[in-house]
Amino acid sequence: FDYGMTNGDLTAVSGGAWVQHSGSADPVQYVATPSLTMAGYPSSGIGGHAAYSGSSQDVNRAFPAVSSGTVYGSALVNISAVGSGNYFLHFNATGGFRTRIGARDDGSGGVQFGVGTSSSTLTYGATSYSLNTTYLLVFSYEITTGVSNLHVLSAVTPTEPAMPEATNTGSTGTSITAIAFRQSSNIPSVLIDGVRVADSWTQIMNNSSVPSVTIVTPADGATFDPGTNSVDVNFTTQNIDLMVAGNQVNVTVDANPTDADVTSPYTVPTMDGATYNVTVELLENNMVVDTKM
């Protein structure tokens with residue numbers, strides 16, 4: 001969750017990367033600092049985190065649909081309070097939700113985590129975990145069999161453990177299209193960070209070494225209120241040291257001359273009624289290695 005240093009509604013702060021799909025009250029919040037951390041996890045210690053404990057707004061972030069094989073998701077999770085139990089994290093699918101991840105009080109002030117493939121009745125693990133402690137949840141959905149597994153980790157492991165904390169079988173054959181945060185009665189008070197989606201355990205636990213650039217805001221096709229005279233384009237880079245000569249970011253707006261070696265945010269002057277096409281290029285050793293529009 002690297003959406004800058006301003007706290008606020010996650011859907012707004014993310015520039016539409018996260019979108020609301022149900023409810024509107026108690027918006028999921030982006031908190032700019034601190035981030036959640038776990039040594040060795042690729043998405044540890046980046047930006048801020050998401051926080052929620054309400055009963056209304058649900059949000060999701062979409063990705064290209066996956067219709068075969070096994071889909072993996074992961075997140076760093078820290079729970080400060082927990083009740084009788086409900087799911088707060090899941091995949092979105094064509095025709096419903098899959099791999100619903102929940103938490104409940106273990107009866108002694110601890111936390112038990114559970115999973116339900118397509119039912120809100122979850123299968124909970126027997127292990128008691130601590131409040132106010134960051135754990136790495138790794139969950140998966142096998143599309144052909146409908147099996148969902150949940151692992152709860154205190155440390156990164158490069159290979160998938162043979163025994164999950166909890167497993168559940170439900171509906172099969174549905175395409176997975178997004179990862180989602182859910183609010184409802186009896187969900188925990190939760191902080192979430194480091195959300196990842198992949199098609200293998202190895203990809204969850206490893207970062208690509210390929211340099212890349214990502215436009216964080218605004219979202220593609222975003223519109224702005226009349227009278228807006230400038231828009232900041234916020235971008236991040238991965239797997240590259242921009243302090244090295246020949247490594248830089250260039251920005252081109254429409255047919256205007258390219259601005260070389262820019263930093264984020266890059267301000268684009270705007271006029272009412274106009275449309276702007278912004279191209280962000282990442283150069284390594286003076287060669288273009290990634291382009292986003």
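# Aromatic pairs and their burial

Tyr3 is buried, its relative accessible area being 13% (buried means under 20%, exposed over 50% and partly exposed in between, with a 1.4 Å probe and protein chains only). The model is predicted: local features need pLDDT of at least 70 and side-chain atom pairs pLDDT 80 or more, whereas totals for chains, interfaces and linings use all residues. Residues are numbered from 1 along each chain as its sequence is written, and side-chain values use heavy atoms, without hydrogens and water.

Rings of Phe, Tyr and Trp (its six-membered ring) pair if their centres lie within 6.5 Å; planes under 30 degrees apart are stacked, over 60 edge-to-face, and the rest tilted. Across the whole structure, 10 aromatic pairs are found. One of them joins Tyr3 and Tyr30: the ring centres are 5.7 Å apart and the planes stand at 65°, so this pair is edge-to-face.

| Residue | Relative accessible area | State |
|---|---|---|
| Tyr3 | 13% | buried |
| Tyr30 | 1% | buried |
| Tyr129 | 11% | buried |
| Tyr135 | 6% | buried |

Tyr3 and Tyr30 also belong to a cluster linked by ring pairs, together with Phe1, Trp18, Tyr52 and Phe181.

Another ring contact involves a charge. The charged end of Arg182 sits over the ring of Tyr87, 3.7 Å from the ring centre; the criterion is NZ of Lys or CZ of Arg within 6 Å of the ring centre and within 35 degrees of the ring normal.
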